[in-house]
Amino acid sequence: MNATTRWRGSAIAQRVVVAAIATALLLTGTAGPATSATPTTYTATKSWTQSESVTAQEWATVGTFVGYGTATVTESATATRTYTAGAAWEADYWATWNAYLAASEEARAKAEAKARPLAKAQATAQAQAQYDESLKGYDATKTWTATETVKVDETHTIGDVVGHGSATATSTATATGSAHAATQAEADWWATWNAYVAALLQAQAQADAQARPIAKAKAKADAEAQVAAGIEATESWTSTETVTVNETATVGDFVGHGTATSTKTVTATKTVKAATHWEAYYWAVIQASVDASAQAKAQADAAARAEALAIAQADAQAQYDAAQVPIDPEEPGGGGPTGPDCGTAPLKADGTPWTCTFVDEFRGTELDQTKWHPIDTYESEFSYGDCFFGDRNIEVSSGVLKLSTIREDQPVTCDHPAGAITTDYTSAAVTTFSKFSQSYGRYEIRAAMPQSNGPGLQSALWMLPENPKYGEWPGSGEIDIVEFYSQYPDRLVPALHYNSLLPWGTRTNNNCLVYEPTAFHTYVLEWTPSKLTISIDGTTCLDHTISPLAPLIGSAPFDQPFNLNLTQMLGSGDNAFPEGQGIDEATLQVDYVRVWK
């Protein structure tokens, strides 16, 4: 602190000190400057004794009580300072001033050091006294009488008719409340409040008990009156539905496939009687529209199925007939086909046919392990609490691959890199990893999802990169052609997983409704360097333009070969079995898998 800052203390004290310093200078005298060509300096050493009084304030807590204390102490201190200046009077003045300031500060510090503990002790004593007083406490008991009026509303339902009734009742109740508090006033207040609340609630309960039966009786009478005076409405609705179906037919060892689409229009009429004209009209329209839609779908399905079956039979017959003609290896084009046969090739957008690169119609009685590799838990690190044991729960029969989740008679244990899993359930999955993978093309799977009665199962027709070149999931991508979650039994969910510029909603569709997912439907992925499109029975469910995050560019990560995976397993999270529930067996059925380039 410099001299200027120190001067901002008490004006009176400063005047006193200045006067004292001046007097000291007069008494000691000053020497005049020496006459010399060389400048002369003067050094002075002065002492000063100063007394200072300090008042300290402190607070302390005991429990929730706060005490305050004040103490004043006076202390003296003597300080000596030396100062050098161009004039004797100036050296004397500043030496004296600096000695005064130092003595003052030292006296204040000493006084404060003694005053503060005294104030703290006083504050602590005060807080302790308050706390001790609070421990004594006071008790009070009070009585309160309350009168309450309650209005209640009730409803009564007869069919679609809702009756309403209201009633009002008034009741009086008296209650007693007690309280214990630090002061008598607090005890009285809380005892009165407790008595008031108890009386209020009791009076309300009594009034409600009186009014509610009356309101219920009125609601019932109102509903009966509405039913007696109901209004009848007859409405018609016309619905047009389009259904695409797939069928297979066998001629000898040859399986033919047929797809057909049919559109039917049906008009249905329904009559409904309700309490109001609006309700009767509304429900007549709803029931007529539901009936018309169901009839149109049934008729379209029947027509399309017959046509698809005829196409499938013709396809199988053509395959059979072609097989009866001997092929001369010496003839041009002889020697038979050089690649897989996916049947009649669909056409690309430019009108040219796709070329078959992979097909499995699941003929015979065993899984073709030149095309598929059965999954086990340790190798795949794959489990939602179930165990995968390779060939277990995998069956090929009647031209269908069947993958099952089964509840075992006894718990089973399987190895997992994170630790052994012991469970009541085993599941099944197959993959073309290391056997077949492809980038771009058309991937078609005809499958039927397992029967279910709620959450607990998950089925997936999906694809993974053969040799991920963009890092850990989801950086290298995943294509879920469809996933079936049994908690949502009316829909299939396609999804694309990768680090994308676009929001998640553009890479999935949670509202792709499917009529009877447990029946066979055809699931198709068409994959180009710029887009992935997924459809179900010819209806597009997901149409996504590839847009990766930096530093990926172009069509990354969907610019590399992906393999195929077919999985039937337990559900997880919200789709897990509710506590105490489960299934004995659930099966994903796959009719065929066809891939074109």
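Glu154 and Arg212 form a salt bridge, with their closest N and O atoms 2.6 Å apart; the term means a side-chain nitrogen of Lys or Arg within 4 Å of a carboxyl oxygen of Asp or Glu. Because Glu154 belongs to strand β3 (residues 138-158) and Arg212 to helix α4 (residues 184-228), the pair ties together parts that are 58 residues apart in sequence. Helices (H or I, at least four residues) and strands (E, at least two) are DSSP runs, numbered from the N terminus. Glu154 counts as buried at 15% relative accessibility, while Arg212, at 26%, counts as partly exposed. Buried stands for under 20% relative accessible area, exposed for over 50%, and partly exposed for values in between (1.4 Å probe, protein chains only).

## Basis of the model

The model is predicted: local features need pLDDT of at least 70 and side-chain atom pairs count only at pLDDT 80 or more, whereas totals for chains, interfaces and linings use all residues. Residues are numbered from 1 along each chain as its sequence is written, and side-chain values use heavy atoms, with hydrogens and water left out.

## Helix α4

Helix α4 has 45 residues and reaches 66 Å from its first C-alpha to its last, close to the expected 66 Å; the expected span is 1.5 Å times one less than the number of residues. At Ala211, α4 bends by about 25 degrees, and a proline, Pro213, follows within four residues. The bend is the angle between axes fitted to the seven residues ending at a residue and the seven starting there.

Buried residues of α4 include Ala187, Leu200, Ala211 and Ala223. Their cover includes β3 and β4 (161-181).

## Other salt bridges

A search of the whole structure finds 18 salt bridges. Asp584 and Arg407 meet in one of them, at 3.2 Å from N to O. Asp584 lies in the loop between β20 (562-570) and β21 (585-596) and Arg407 in strand β11 (residues 400-414), so this pair ties together parts that are 177 residues apart in sequence. Asp584 is exposed, with a relative accessible area of 56%; Arg407 is partly exposed at 33%.

The side chains of Asp559 and Lys469 also meet in a salt bridge (3.7 Å, N to O). Here two loops are tied together, 90 residues apart in sequence, because Asp559 lies between β19 (539-545) and β20 and Lys469 between β14 (457-465) and β15 (478-485). Asp559 is partly exposed at 25%, and Lys469 is partly exposed at 48%. Elsewhere, salt bridges that share partners join Glu58, Glu112 and Arg116 into one network.

## Glu247 in strand β5

Glu247 is found in strand β5 (residues 231-251) and counts as buried at 16% relative accessibility. Its side chain makes a polar contact with the side chain of Arg305 at 2.6 Å. A polar contact is a pair of N or O atoms within 3.5 Å; within protein, one must be able to donate a hydrogen and the other to accept it, and residues adjacent in sequence count only if both atoms are side-chain atoms.

Leaving aside neighbours within four places in sequence, Glu247 is in contact with residues including His257, Leu309 and Arg446, where contact means heavy atoms within 4.5 Å.

## Backbone exceptions

Most residues other than glycine have a negative phi, and most peptide bonds are trans. The bond from Trp473 to Pro474 is cis, with omega near 5 degrees, and Pro474 lies in the loop between β14 and β15. Another cis bond, from Ala556 to Pro557, has omega near 5 degrees.

Asn393 has a positive phi of about 70 degrees although it is not a glycine, and Asn393 counts as buried at 14% relative accessibility. Ser398, also not a glycine, has a positive phi of about 55 degrees and is exposed at 73%.
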